[in-house]
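User: I would like to learn how to read pockets, cavities and helix packing in a model. Please take me through one case.

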Amino acid sequence: MLYIRMFFTMAVSLYTSRVILDVLGVKDYGIYNLVGSIVLLFSFLNNAMGSSTQRFLTFELGKKDFVKLRKVFLTSVNIHIIIAILVFIVAETIGLWFLNNKLNIPVERLNAANWVFQFSLFSLLLNIVQVPFYASIIAHEKMNIYSYIGITEVVLKIFIIIIILHYGIDKLKFYSGLVFISSLIVFGIYIWYSMSRFRECIIKFYWEKDLFKKMSNFAGWNLWGALSTVVYLQAVNILLNIFFGPAVNAARGIAFQVQGAVSSFVRNFQLAMNPQIVMSYSSGDLRNMHELIFKGAKYSFFLLFFISLPVILEVEQLLKIWLKEVPNYTIIFTRLILINILIESVSGTLATAAQSSGKIKLYQGAVGGLWLLIIPISYLLLKLGFPPQSTFYANIFISFIAFFIRLAIIAPLVNLSIRSFIEKVVLKILPVIVMALIIPLLILITMSQDLIRLIIVGITTIISTSIGIYFFGIDIEERKYVLKVPAFLLNKIK
């Protein structure tokens, strides 16, 4: 169900991005992405508490303690309402001042940018309050319901496109308002389903000092990690705006659209796996937890690599087909951002392992500090006259270092063998990369760029990656399982 949702979402997202860029134009599209990034700057509180809520709910489900489960849910709802109020106050003061005084936005579009800011802010507030309800659906592993809601959200995007193509004088304002209405509908669905299906999901004031302190302490370090991620991403976006203007923000926005579509392959896989990792830890089954970590890290990379490689190799051709107008730097931005998420994909289950243990102080402190280093490095590179893609190179360098730091910190927390991780994950990945690249690169060198080459590169990358994974990426038992899959699927169909 998650992958049905993913394919549907990816197809619609790619199409709607193309239409929105065409309807709004490069300048307004850049403004929308830039102003939206200012609002996202305030979402770190929500991200931190969201991770904490999901971890505590899943942990109590693993222990089968319903009384504690309800207490965790009620506490999280009250905390998220407080967070929403704080975010509203900060955004309407500091956020508005920064928008109107510091950003490089044409004077004639400043009014529209303020409308975008308000609609984006209220969408964010809805997302903050709905987190405990969303987290309950994931903790209960109701992935089909999560998928249905996601598909509903995508259908609403289609309606938005239809409406904006035919109505609206100021398309930027109108589009922002429609996106807010879409968020309001999804918010209502999450709350209705959770309260009607899960006994712990009720709304009333509840306060338990010790539980609040425990969740807040855990969320505090998640806060640092979430803050550092959001700050470095949005700070780099702002730096690019200051040095190069809104057109480069549009290129970066498109690159992140591609990243979001491609990385959904891994997000859905890890979303389904994360509750099992947490429950294995809470029940004391560390052996199963370790196997989930190894397989999850390896499969996450393979899933992402499978779809990323043809995009990286033929991104110029794909962007020309997808977009009517390809902003400058979009091609190099897209290639580099996909390389970066490939590196990050291997660390997904490691991060879940850290959350499971509850001992995240050192992990979040070290990794969050690394992310923030990207800001001064990017500023220095841009100040010295380097091109905008230099900020992506800085990100890739820090991501590479962060992987080894994560592994070194998390291994002792959950009794994980670093050597086993290297042998079962890293050394399985490297030969697959080499095997998958040989033939496609030869084709790129020998053929001119056209639709025929695009098709051939796509087919050869699928074949070479599949062969590489089968012979080098998985072990004997996994190969036996792969061979059984066709018969299993046939039986399912019957």
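User: Which helices each supply at least two residues of the lining of the second largest pocket?

Analyst: This is a predicted model, in which local features need pLDDT of at least 70 and side-chain atom pairs count only at pLDDT 80 or more, while totals for chains, interfaces and linings use all residues. Residues are numbered from 1 along each chain as its sequence is written, and side-chain values use heavy atoms, without hydrogens or water. A pocket is an open set of points on a 1 Å grid over the protein atoms alone, with protein on both sides within 12 Å along at least five of seven lines; lining residues have an atom within 4 Å of a point. Helices are DSSP runs (H or I, at least four residues), numbered from the N terminus. Here, the helices are helix 9, helix 11, helix 14 and helix 15 (418–446).

User: What volume does the second largest pocket have, and which residues lie nearest its centre?

Analyst: A volume is the space filled by probe spheres set on the grid points, which are joined across faces, edges and corners. The second largest pocket holds about 450 Å³. Of its 17 lining residues, Phe301, Ile343, Ile429, Leu430 and Ile433 lie nearest the centre.

User: How does the lining divide by class?

Analyst: Ala, Val, Leu, Ile, Met, Phe, Trp, Tyr, Cys and Pro count as nonpolar, Asp, Glu, Lys and Arg as charged, and the others, Gly among them, as polar. The second largest pocket has 17 nonpolar lining residues, with no polar and no charged ones. The lining of the largest pocket divides into 12 nonpolar, 1 polar and 1 charged.

User: Where does the lining of the largest pocket come from?

Analyst: Helix 8, helix 9 (286–313), helix 16 (451–473) and helix 17 (476–493) each give at least two residues. Helix 9 has the largest share, 4 residues. The largest pocket contains about 610 Å³ of space and has 14 lining residues, with Tyr299, Phe302, Leu303, Ile469 and Val482 nearest its centre.

User: How many cavities are there of 30 Å³ or more?

Analyst: A cavity is a set of grid points where a 1.4 Å probe fits but cannot get out. The whole structure has 2 that reach 30 Å³ or more. The second largest cavity has a volume of about 60 Å³, and Tyr232, Val236, Arg252, Phe256, Ile374, Thr391, Phe392 and Asn395 line it. Helix 7 (209–244), helix 8 and helix 14 (390–413) are the elements that give two or more residues to this lining. Helix 14 gives the most, with 3 residues. The classes are 5 nonpolar, 2 polar and 1 charged.

User: At what angle do helix 8 and helix 11 pack?

Analyst: Axes are lines fitted to C-alpha atoms, for helices over the stretch in contact, and angles run from 0 to 180 degrees between N-to-C directions. Angles under 35 degrees count as roughly parallel, over 145 as roughly antiparallel, 65 to 115 as roughly perpendicular, and the rest as oblique. Helix 8 (residues 246–282) and helix 11 (residues 330–345) pack at about 30°, with axes 9 Å apart, and are therefore roughly parallel to each other. Contact means heavy atoms within 4.5 Å. Among the residues making this contact are Ala251, Ala255 and Val262 of helix 8 and Phe333, Ile337 and Ile341 of helix 11. The contact residues divide into 12 nonpolar, 6 polar and 1 charged.

User: How do helix 14 and helix 15 cross?

Analyst: Their axes come within 10 Å and cross at roughly 135°, so helix 14 and helix 15 are oblique to each other. Phe403, Leu407, Ala408 and Ala411 of helix 14 meet Ile418, Phe421, Ile422 and Val426 of helix 15. This contact has 8 nonpolar residues, no polar and no charged ones.
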